[in-house]
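Here is a short report on how two protein chains meet. Look at the structure first, then read on.

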Number of protein chains: 4
Amino acid sequence: MNDPTSEPIWDLAHLAHVELLTPKLDQSTRFFTDIMGMSITATQGDSVYLRAYDDYEHHTLKLTASSEAGMRHYAWRTRSPQALARRVAAIEATGLGIGWNGGDLGHGPAYAFRSPDGHLTELYFETEKYACGPHDQSALKNTASRFPGRGINVRRIDHLNLFAADIRAFRDFQLSNLGGILTETIVDNLDERNPRAVWFMVNSKSYDLAVTLDYLGARGRFHHLTYAVNSREEVLIAADICLENGIQIETGPHKHAIQQTFFLYVYEPGGNRIEVANTTARLITDPDYQTVFWTLEERKKGQAWGLPTIPSFHTQGTPMVKE
Amino acid sequence: MNDPTSEPIWDLAHLAHVELLTPKLDQSTRFFTDIMGMSITATQGDSVYLRAYDDYEHHTLKLTASSEAGMRHYAWRTRSPQALARRVAAIEATGLGIGWNGGDLGHGPAYAFRSPDGHLTELYFETEKYACGPHDQSALKNTASRFPGRGINVRRIDHLNLFAADIRAFRDFQLSNLGGILTETIVDNLDERNPRAVWFMVNSKSYDLAVTLDYLGARGRFHHLTYAVNSREEVLIAADICLENGIQIETGPHKHAIQQTFFLYVYEPGGNRIEVANTTARLITDPDYQTVFWTLEERKKGQAWGLPTIPSFHTQGTPMVKE
Amino acid sequence: MNDPTSEPIWDLAHLAHVELLTPKLDQSTRFFTDIMGMSITATQGDSVYLRAYDDYEHHTLKLTASSEAGMRHYAWRTRSPQALARRVAAIEATGLGIGWNGGDLGHGPAYAFRSPDGHLTELYFETEKYACGPHDQSALKNTASRFPGRGINVRRIDHLNLFAADIRAFRDFQLSNLGGILTETIVDNLDERNPRAVWFMVNSKSYDLAVTLDYLGARGRFHHLTYAVNSREEVLIAADICLENGIQIETGPHKHAIQQTFFLYVYEPGGNRIEVANTTARLITDPDYQTVFWTLEERKKGQAWGLPTIPSFHTQGTPMVKE
Amino acid sequence: MNDPTSEPIWDLAHLAHVELLTPKLDQSTRFFTDIMGMSITATQGDSVYLRAYDDYEHHTLKLTASSEAGMRHYAWRTRSPQALARRVAAIEATGLGIGWNGGDLGHGPAYAFRSPDGHLTELYFETEKYACGPHDQSALKNTASRFPGRGINVRRIDHLNLFAADIRAFRDFQLSNLGGILTETIVDNLDERNPRAVWFMVNSKSYDLAVTLDYLGARGRFHHLTYAVNSREEVLIAADICLENGIQIETGPHKHAIQQTFFLYVYEPGGNRIEVANTTARLITDPDYQTVFWTLEERKKGQAWGLPTIPSFHTQGTPMVKE
């Protein structure tokens, strides 16, 4: 990234979808449809495919029945077929590549690889855009489907947060091979040799992927998946809806100091952590944005308005591991 | 744009700044500082340079004294020096180029050209990022300067809207030479040969530039400049602040059908139209987003919730021309 | 009201319920349940009884099948049995009383009378407070039932607006016999002899009843019924929900200059005008609040931020009459 | 209160004002003007009189220089001169009365007494309503003065929270002699013989006064004073303004389970706790509202969405006492 003659890499378009595993497929599905306000696009085998009302693809969440909670894979969509080819070439050179598969419901051929921490990741370009029908067409042509008026009414997938045992390895792999910008990071000290958490931006949203240190030292775990709502007021309403429906609230609503996200963290019935968030009007359009560093000392101040970071944030991930 | 072997052009980073002309420099400056909540970075000659609290560059607005209102120039920042070179080469080939200049306060060398409709436009990459001091440092490192707590508290520049006599020429020039995506358009009919208005996206914000037909047939006029606030609630508060301070409200608050922007249009004392807006959680991250077409017939429905488009929107621009 | 030795009358507690007539009972019921987010407490004969989630009584809306839209009656709850007795005595002295009836589902004996304009009105004290069950109990004991997470999620009945042919007669009758304060009024001139519209407060909410001049000269018509939501943001969301579900929006969202209510006016399928509103933090706790007068000249400015008052506001009421 | 033949007492109109003591008069004044957005009505001797933009009286806060923080007195306005006479007679019969004084800037003769816990309290009816001038007149006649567009922009005084050593004594005195309703209470057990906290309503706002147990056993201390803003969004913005200006945030923003208030607690520079709050659309208009009881066991759940009650809430009051 420091070669002045090279251009930054902007080949990823956005976080595309996440496949979550759940031991309670029916209850998890009802959580995402009735509480989160999402819709089912398809069911196939042990999997249910879902999207938020303004997600433009076939799905952004695939729920798959499993003996325990966790994440099977997640995927990036690239900006073009050429961008896909460039990223695949880069990953193959690292030795972490797995290879091409035929895709899934809703998207074309995908290239699979493992992150340095072991997370199964896919890249693809060809996609099936969601085609709403008479029953769910929005009155506004620029909305992917009708505002549901049900539960939390999440609008679109926002970001994914992974746990990793080795943050530095993940960071270097991501920036070198997938591109984008490291917008913020937590470090032990200021020379960035020992990152504790990293946030990656691939478009103008300040992050699509975050990776934070798993204090239990496990590899390849899932931390949380986030859907966006249109306002902070709706995050507050989401908290009431969770309260009224017996959904466990872990922490929030409050504002993160890092990335300024206004957040609410809950657990879906299968045991995976889900965030409902709003980022107000924040965007990063600066193409050479300088990474913001936060030391562990600074993090002791807690979140933006002083709420202490909840200890379970450092250890609770899926699949569950014994402390 | 239709060659399947070519990649889309993503060389522009964002709308960078606008230079507005005002016959009432002092009053216009007080409007932007006291009412909009912006800050003065510098004054030089007949110009005052201003920025919103989270604008990362030296300025996003340059106010220059003049005998009448209007826009002298506007500028794009590119994503890299290489991207700048590519765009300059493309523009030079069109014959609309003017040439390089030494830049201005806050940014480096700029390449100037005329839009097909005559608007003076600049491209640059080298910039001076705003360095806040002890008096205006935010408590959050990821904010460019302290939230002012004054007036409307606009956060950042959002987009520019120009008038043009020939929308098709502007559209084709922009997409071919500057890149990005035409996210929405108003057309006479559905074969897009006669566009009435166009919205261009260059990052993930659904538009940084809009160009609408000047019903008076004038060339190169300014329609409005928009600053973003964090919530729709703050747009409503902005309306009260304008009401309480004798600022002329033209229309709104209401929601645009096109682009879904929640808007408030007012006139600054110099006579230029200014918008305060919020776009909720909308982003376009789809790299091959298909343009949304609106016919004139559809536009008769008015804005999203039915407010008729105000007639002055089609004729009132700066500089003023006689109808 | 001008006798310095007399105390103001605070015998009414609040607007209790409204019985609306609809030629489309099923569709009207679905509007109030699916779109407004209200719940059915009971059905009896041709009537459906409904309440918002934080209405504490058995119902605040009674929908009754009829050949045309309109209002059959509305009711006030008094602050005590003694207060009820005092108001009945006052009304009987006017000759407008009808007499006692045995009440209805959800409340005890009621005293019926006609307003000077002919509106059927009832007064009662004994009530059946809504008892939620396991299926709709709120997690917060101080909420009458669970937040529904469905449609607009209106919280409580807010106010009723009547049309009348003789505003002065209504005003004088109301203040003399029912008490409360005239918080705001529109007058032809400043000596208040010719009111065009009146707003009555009986508790700390700035009005529970408004009466406006029927430009068609009809007597005893209904203008609109209003339910409150928790924020202006939810009024905006309500507008989207109406847009997405084909509910006719008449005007708004916008802020009234009079009473400052943030409003959205729609038509339920039966033809009655319904308002969704929020009044932010406004209350009137001043026990000798001085009436705010608005002249017709001042009203030409439109609503708070300049939206013109929609002409149908002066003529469109139910039952419909020919202009 | 249990005599079925007696009517409830509705003689108090609202909490009128609070006199806070501060060892840092200048800094406290700047906090209330620059951060809270209030205005100075008068200064006299060691006191500064302030009001929020929609407070209708001369002042709602009197800041008086003192060697330590605390509250000198607070005052209720009654609904009429007759109501005042009735309440004075009741208090005199208790032996806690002090007697009449000539009033203060902004209001007429006041009757002073001590609460059972020793808080100096006053009652009055005659008041000087705030008369705005050309410099601060609102564009809307129904607003007491212009929306300031400065800092937090608090709208009006909302409620007062006192500490007391004997909650039962305070409760019984208040309800018997001053009237109103006990809307909510925390009790050791469900027979209400041992209240830990009480909330009193005198109009339609669910409380104007709260009294909570002082775990340090001190008598007559001050807990906090609350000003209302128009939306929860503005409470969130208030948190940012405090963060940006070095104002100590104690807890929040979050939603109270009791009374549902959306709160932010901070310390003004003199050391007194101040709350910024919004109650959404909640009102209690039920004239025989049944008190909501919360056991200590239930309180262990924390605030509405699970935030633990901060321990300093039980001990930190002014004047400071040693634990």
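The contact draws 52 residues from chain B and 52 residues from chain A. Keep in mind that this is a predicted model.

How is the size of an interface often given? It is often stated as the accessible area lost when the parts come together. Here, about 3900 Å² is buried between chain B and chain A. Carbon and sulfur atoms give 48% of that area. On the chain B side, R79(B), K141(B) and N142(B) lose the most area to chain A. Together they make up 17% of what that side buries.

The table lists the counts between the two chains.

| Between chain B and chain A | Count |
|---|---|
| Salt bridges | twelve salt bridges |
| Polar contacts | 35 residue pairs (both at pLDDT 80 or more) |

One of the salt bridges joins the side chains of E298(B) and K141(A), at 2.7 Å from N to O.

Which elements of chain B give two or more residues to the side that touches chain A? They are β1 (12–22), β5 (70–78), α2 (81–94) and β17 (292–295). The residues of that side divide into 20 nonpolar, 17 polar and 15 charged.

Now turn to one lysine. K205(A) sits in the loop between β11 (195–201) and β12 (209–213) of chain A. Is K205(A) buried or exposed? Its relative accessible area is 7%, so K205(A) is buried, as the cut-off is under 20%. Leaving aside neighbours within four places in sequence, K205(A) is in contact with R156(A), D158(A) and L283(B). A polar atom of the K205(A) side chain lies 2.5 Å from the backbone oxygen of D158(A).

Notes. Residues numbered from 1 in each chain as written. Chains lettered and ligands numbered in written order. Predicted model: local features only at pLDDT ≥ 70, side-chain atom pairs only at ≥ 80, totals over all residues. Heavy atoms only, no water. Contact = heavy atoms within 4.5 Å. Buried area = accessible area lost by both parts, 1.4 Å probe. Salt bridge = Lys/Arg side-chain N within 4 Å of Asp/Glu carboxyl O. Polar contact = N/O pair within 3.5 Å; in protein donor to acceptor, adjacent residues only side chain to side chain. Helix = DSSP H or I, 4+ residues; strand = E, 2+ residues; numbered from the N terminus. Nonpolar A, V, L, I, M, F, W, Y, C, P; charged D, E, K, R; others polar. Buried < 20%, exposed > 50% of the residue type's maximum accessible area, 1.4 Å probe, protein only.
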